[in-house]
Amino acid sequence: MDHHVTPVSTGSSGVDITALVLRLVLLLATAFLAGTGILRPLVGELPRKLWLTVGGLGALSAVLAAVSAATVEVNLAALIIHILLALAVPVLLRWPSAGRWASLALVVLVVLETSLDGSGIDFAIDTVYVAAAALWFGITLLSAWVPVDQWRATQFRVGPLSVTLGGLLTLAGVVQLVLSGVGFDRRLYESLFGIALLVVVALPAVVAVLSGILLSRNGFTHAYRYGVIGVAAGFVAWSALAAVPQPPPLPIPGVPLLADATVGGGSVPVLLSPQRPGRNLVHFPPSAGEGLSAGAEGGLISPAVARGGAEGTWADVDLPPGRSSLVIKRGDATTTVEVDAGTAPGPVIGDADAPECASAALGGLVAEKHDVLTSCPSDALSPEDSGSLVKLVEFLAGRKPSAITLVEDSSPRGVAAARLVRDTAARFGLPVQKDAGTDTALVVVSGWSDGYLAMTRAAESQRLKPTHQYGLYLAPWLLNGPIVNAVASSSMPLRFDPRDQLAVTYAVTVGNTFGGESPTLGGFRTWLGPQWQSVNGEVQIFAAAQVNAMPMYPGEPHGPGMEAARDYAGQWVPDGTIVPVSGLLR
């Protein structure tokens with residue numbers, strides 16, 4: 001029903017501004033019209049000039065409602081109702097009771113049109129603000145042609161009512177300020193949304209206070225006539241809140257930053273981690289495309305490039321302490337994102353492990369957790385992954401390869417995992433070596449970059465001659481699209497099923513939030529938080545493979561119910577599949 005809401009971006013075009021102005025004039029005229037109709041039964045005979053004024057407001061409201069359909073997408077039913085009510089109220093002034101009901105319906109419609117959120121307390125405060133403003137407008141318009149002392153309701157005291165209405169408007173504005181999420185920080189005066197909130201609260205408060213002072217000192221009962229200017233300005237600001245974009249949350253030092261930047265005419269998701277002084281990593285998802293660069297304002301702008309084992313593109317950025325701007329460029333187009341690195345040093349993140357660390361942080365941000373990044377998955381071998389690797393080696397020992405070809409790295413997790421694999425293999429008399437062999441099983445316990453390199457080399461070796469005939473096995477944290485898709489098929493020990501509801505939900509959520517990004521184990525764990533224990537079950541070997549059953553040429557018709565595209569939402573392996581190939585390894 002909120003059919004007049006017009007999204008206005010920070011760099012809104014002339015069409016956006018025009019649509020917003022039309023909307024604000026429409027709602028203000030409609031509020032004056034509705035308020036007059038509600039109070040009409042209190043007044044006797046109406047002068048001709050008042051008829052003409054109300055008729056002009058009705059025509060203006062109806063015309064602007066129709067014009068708005070050409071500037072924004074509207075709900076046709078709501079549009080028709082609005083036009084009919086706007087034209088009906090001036091006619092129904094001859095029948096005050098009927099006119100009052102039509103005016104109340106028009107107020108409800110204005111509430112729906114100005115509402116930020118059509119439910120709960122937000123809808124309630126919208127109703128209070130719009131109704132109070134409409135009554136103020138109605139009193140002002142009616143009393144301009146018919147003095148209040150000539151109204152039918154002789155006990156109607158406009159002076160105290162103006163103070164009451166001003167107080168209601170102020171109270172509703174304060175509640176909206178508290179609920180807005182902007183808080184009492186610099187966004188309140190540095191953003192258009194925050195300034196609108198200040199106007200919504202301040203002007204009715206000033207009007208209420210001045211009305212109370214004038215009423216108490218000299219019995220001045222016509223303050224509402226002058227106060228209507230402040231109330232109208234507050235109402236316009238209130239109406240604009242639904243169309244003006246809310247400012248993003250302020251960056252928190254040490255908390256990775258997830259933002260949307262508009263550059264080159266398109267919206268680009270941006271992930272910055274760890275948001276500390278010194279070296280930081282900026283990540284763009286695959287959907288952002290090529291040609292992006294990033295850097296601190298006034299510093300070196302580095303191109304975002306692909307990194308082995310990670311999706312999308314990545315740029316190294318050197319941030320100064322404190323608040324600054326992250327510059328993002330594509331060609332000649334440039335935009336900035338506010339950042340705040342603080343002054344405390346960040347965690348030591350190895351270059352090879354930085355993308356995985358950023359992906360784990362992304363899982364928390366997607367879950368709306370704003371935790372300071374203090375460590376990365378590669379800093380330690382988790383008990384769950386430790387147990388999974390032990391089960392994997394025991395599984396391989398039962399298959400009796402000639403040896404395990406082990407790929408490791410120098411990270412704390414990689415060193416601990418390699419030692420664990422060697423110790424477990426030694427218990428079964430299974431040799432562990434660095435070199436590939438015909439009858440070996442490849443086990444990779446390194447980070448993403450070395451894991452991707454190991455998979456690409458294994459794929460090339462297998463293409464040239466029989467190699468690793470007992471399979472290619474990855475540590476759980478290497479369940480990542482670019483790594484598993486580097487080979488036709490690979491396996492890994494997992495404690496959850498990537499096809500289960502929670503896993504698919506996370507995959508869809510991270511993809512929707514960050515430009516189609518694929519899920520990762522580190523991000524899934526961070527996203528789940530303590531709930532990870534509920535999916536942390538027994539170990540099972542899963543195989544990931546690039547599968548395309550019954551491939552078709554582009555444009556070729558397919559049978560009913562057959563999925564032509566493989567890249568559907570919720571997949572853990574892009575353009576592929578992952579299935580269990582063993583029972584539970586107890």
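Buried, in this tour, means under 20% relative accessible area, exposed means over 50%, and partly exposed lies in between (1.4 Å probe, protein chains only). Trp532 is buried by that rule, with a relative accessible area of 6%.

The model is predicted: local features need pLDDT of at least 70, side-chain atom pairs count only at pLDDT 80 or more, and totals for chains, interfaces and linings use all residues. Residues are numbered from 1 along each chain as its sequence is written, and side-chain values use heavy atoms, with hydrogens and water left out.

**Stop 1: aromatic rings**

Rings of Phe, Tyr and Trp (its six-membered ring) pair if their centres lie within 6.5 Å; planes under 30 degrees apart are stacked, over 60 edge-to-face, the rest tilted. The count is 12 aromatic pairs. Select Phe32 and Phe137. Their rings are stacked, 4.2 Å centre to centre, with 10 degrees between the planes. Phe32 sits in helix α1 (residues 14-39) and Phe137 in helix α5 (residues 120-145), so the pair links distant parts of the chain, 105 residues apart. Helices (H or I, at least four residues) and strands (E, at least two) are DSSP runs, numbered from the N terminus. Phe32 counts as buried because its relative accessibility is 17%. Phe137 is buried too, at 0%.

Next, select Phe524 and Trp532. This pair is edge-to-face: 6.0 Å centre to centre, 85 degrees between the planes. Phe524 has 1% relative accessibility and therefore counts as buried. Now widen the selection to Phe496, Tyr506, Phe524, Trp527, Trp532 and Trp572. They form one aromatic cluster.

**Stop 2: a charge over a ring**

Go to Trp51. Arg94 lies over its face, 4.9 Å from the ring centre. The rule asks for NZ of Lys or CZ of Arg within 6 Å of the ring centre and within 35 degrees of the ring normal.

**Stop 3**

Two strands pair if DSSP finds at least two bridges between them. Show β1, β2, β3 and β6. They make an open sheet in the order β1-β2-β3-β6, with antiparallel pairing. The edge strands are β1 (257-263) and β6 (313-319), each pairing on one side only. Neighbouring strands are turned by 30 degrees against each other on average, direction ignored. Axes here are lines fitted to C-alpha atoms, for helices over the stretch in contact, and angles run from 0 to 180 degrees between N-to-C directions.

Zoom in on β1 and β2 (residues 266-273). Seven bridges join them in the antiparallel sense. Leu258 has Leu271 in β2 as its bridge partner.

**Stop 4**

Which helix lies across β1, β2, β3 and β6? Select α10 (residues 354-366), which runs at about 110 degrees to β2. Contact means heavy atoms within 4.5 Å.

The model has one disulfide, a term for a pair of cysteine sulfur atoms within 2.5 Å. Cys357 and Cys376 form it, with sulfur atoms 2.0 Å apart. The link is left-handed, at -75 degrees about the S-S bond. Cys357 lies in α10 and Cys376 in the loop between α10 and α11 (383-399), so the link ties together parts 19 residues apart in sequence. Both Cys357 and Cys376 are buried.

**Stop 5: β4, β7 and β8**

Finish on β7 (residues 323-330). Strand β4 (residues 292-296) pairs with β7 in the antiparallel sense over five bridges. Leu292 stands opposite Arg330 in β7. Strand β8 (residues 333-340) runs antiparallel to β7, joined by eight bridges. Ser324 has Val339 in β8 as its bridge partner. The hairpin of β7 and β8 has two residues between the strands, and Gly331 takes a positive phi near 65 degrees there.
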